[in-house]
Amino acid sequence: MKYWKYFGITLLVIVIDQAVKMMVHYGMDFGTAGQIKVFGDWFKLHYTTNPGMAFGMQLGSEYGKLLLTSFRLVAMFGIGYYLYSLITKKAHPGYIICIAMILGGAVGNLIDSVFYGVWLGNAPFDAATPWFHGQVVDMFYIDIWEGFVPEWIPIFGGGYTALWPIFNIADASIFVGVGIILIFQKRFFDEENEEHGEKEEEDHIQKQFIDEK
């Protein structure tokens, strides 16, 4: 039961993420034509796809996408095992919840990469196979600023860009999970160290008691 409580959070993130992506795919037009304003001009729903990593970056090779998806698959199992070990060791509940959220986000985007090339037919036209070449569906757009960046600005100069990326539920879950860990890391890990120290002290006292006998 203790495992399902936390893995249930992971499952909830995956279900919500995939449900929203399906609603966007089947209920919105792609790109600017289907854009929906939610709060003025700064927060919109905007259906787009991301072929690579965060911010649209890609591995520049024929097998780059395949390598990226394979890495995500390995990372998913790694995070899943880490979550299992944290629950077993009775780590701080807040920290476990954050890892469960991160795992849910990782799996949510992995599903897109593995299956969406087949299910939604959104693999790049030059992909060797639609499997493992699906593009991640994004929809939440915080429009802080967009426009042409002067050429003298390093890296981003000479093109049209937006200040804030478009993201999805999975991305948000990962971001929030990591953010909470960074903010409350002292509380999460200090309590864990204190409990570990108390356990070592108890073991030491028991050993002394046995030696005295």
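Hi everyone. A quick word on what we are looking at: this is a predicted model, where local features need pLDDT of at least 70, side-chain atom pairs count only at pLDDT 80 or more, and totals for chains, interfaces and linings use all residues. Residues are numbered from 1 along each chain as its sequence is written, and side-chain values use heavy atoms, with hydrogens and water left out.

Let's start with helix H3, residues 93–119. Helices (H or I, at least four residues) and strands (E, at least two) are DSSP runs, numbered from the N terminus. The expected span of a helix is 1.5 Å times one less than its number of residues. After H3 comes Gly121, with a positive phi near 60°.

Is H3 enclosed or open? Of its 27 residues, 21 are buried, so the rest of the structure largely encloses it. Buried means under 20% relative accessible area, exposed over 50%, and partly exposed in between (1.4 Å probe, protein chains only).

That leads us to the core. A nonpolar core is a set of buried Ala, Val, Leu, Ile, Met, Phe, Trp, Tyr and Cys residues joined through side-chain atoms within 4.5 Å. The largest one here has 30 residues, and those touching the most other members are Val24, Leu83, Ile96, Ile99, Val137 and Ile181. H3 gives the largest share of this core, 12 residues. As for Val24, leaving aside residues up to four places away in sequence, its contacts (heavy atoms within 4.5 Å) are Tyr47, Val137 and Met139.

Now, salt bridges. The term means a side-chain nitrogen of Lys or Arg within 4 Å of a carboxyl oxygen of Asp or Glu. The whole structure has five of them. In one, Asp112 meets Lys21 at 2.9 Å, N to O. Asp112 belongs to helix H3 and Lys21 to helix H1, so this pair ties together parts that are 91 residues apart in sequence. Asp112 is buried, at 0% relative accessible area, and Lys21 is buried at 0% too. Together with Asp17, these two residues are linked in a network of salt bridges.

Back to our opening pair. Lys186 and Asp190 both sit in helix H4, four residues apart, about one turn of the helix. Lys186 is exposed, at 62%, whereas Asp190 is partly exposed, at 31%. Another salt bridge joins Lys37 and Asp41 at 2.7 Å, N to O.

Last stop, the sheet. Four strands form an open sheet in the order E1-E2-E3-E6, with antiparallel pairing. Two strands pair if DSSP finds at least two bridges between them. The edge strands, each pairing on one side only, are E1 (36–39) and E6 (166–167). E1 and E2 are joined by three bridges, and Ile36 stands opposite Leu45 in E2.
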